[in-house]
Amino acid sequence: MAVLIVPFLALAAVGLVLSLVAHGCAWLGEPQPLGMATWGLHLGIFVVWLPALLASGQMVRGARREDAWRVALRGCPRWMRWKTSAFFVYAFVNFMLNFGVMAPAGKQPAGGDMPPAVFRMFSGHWMAFYSAALAMLYSSWIISSRGEVKGPEPKRDGVL
């Protein structure tokens with residue numbers, strides 16, 4: 001199982017780095033280094049997100065719903081869990097701040113490039129989802145390499 005996770009783990013890391021670059025360029029008002037191919041980061045989320053959900057699904061089996069995120073990321077270092085949470089908070093705040101800044105339809109810069117505000121909004125979400133996929137896959141990789149893939153035993157609360 002661990003060997004199957006590694007390629008998706010690497011793709012999630014590359015996606016996170018590319019989304020950080022896209023976001024930085026958007027904030028600086030610079031053109032996207034990948035041009036319109038930057039929109040491929042949209043599809044890349046699904047490429048890494050499905051395996052991340054499948055891998056973490058094995059780890060959270062039997063866990064209470066409110067504990068699922070903690071159980072799924074139990075193989076991650078604390079900083080990685082904080083980073084993922086911070087990206088989701090940032091994605092929400094970034095979206096709210098940039099929603100009103102979006103350029104009106106028909107006012108695109110020359111060459112058909114999207115306005116930076118559009119890339120700022122989308123890349124904030126890309127960072128959050130690539131970060132979450134990276135954390136879930138990393139946790140699954142660590143846990144499966146230890147041989148602890150199965151989730152925690154369900155709590156019975158004294159009932160047989």
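A disulfide here is a pair of cysteine sulfur atoms within 2.5 Å. By that cut-off, the structure holds 0 disulfides.

Before going further, the ground rules. This is a predicted model, in which local features need pLDDT of at least 70 and side-chain atom pairs count only at pLDDT 80 or more, while totals for chains, interfaces and linings use all residues. Residues are numbered from 1 along each chain as its sequence is written, and side-chain values use heavy atoms, with hydrogens and water left out.

Back to the cysteines. Buried means under 20% relative accessible area, exposed means over 50%, and partly exposed is in between, using a 1.4 Å probe and protein chains only. Cys 25 has a relative accessible area of 15%, so Cys 25 is buried. Cys 76 is at 6% and therefore also counts as buried.

Next, the core. A nonpolar core is a set of buried Ala, Val, Leu, Ile, Met, Phe, Trp, Tyr and Cys residues joined through side-chain atoms within 4.5 Å. The largest one has 30 residues, and those touching the most other members are Ala 12, Leu 16, Trp 49, Trp 126, Tyr 130, Ala 133 and Leu 137. At least two residues of this core come from each of α1 (2-28), α2 (40-60), α4 (78-99) and α5 (116-146). Helices are DSSP runs of H or I, at least four residues long, numbered from the N terminus. Which helix gives the most to this core? That is α5, with 12 residues.

Take Trp 49 as an example. Leaving out residues up to four places away in sequence, Trp 49 touches Phe 129, Ala 132, Ala 133 and Met 136, where contact means heavy atoms within 4.5 Å.

Now the rings. Rings of Phe, Tyr and Trp (its six-membered ring) pair if their centres lie within 6.5 Å; planes under 30 degrees apart are stacked, over 60 edge-to-face, and the rest tilted. The structure holds 7 aromatic pairs. In one of them, Trp 39 and Phe 122 have ring centres 5.1 Å apart and planes at 80°, so the pair is edge-to-face. Trp 39 lies in the loop between α1 and α2 and Phe 122 in helix α5, so this pair ties together parts 83 residues apart in sequence. Trp 39 also pairs with Trp 126, with centres 5.8 Å apart and planes at 85°, so that pair is edge-to-face too. Trp 39 and Trp 126 are both buried, whereas Phe 122, at 34% relative accessibility, counts as partly exposed. Ring pairs link Trp 39, Phe 119, Phe 122 and Trp 126 into a cluster.
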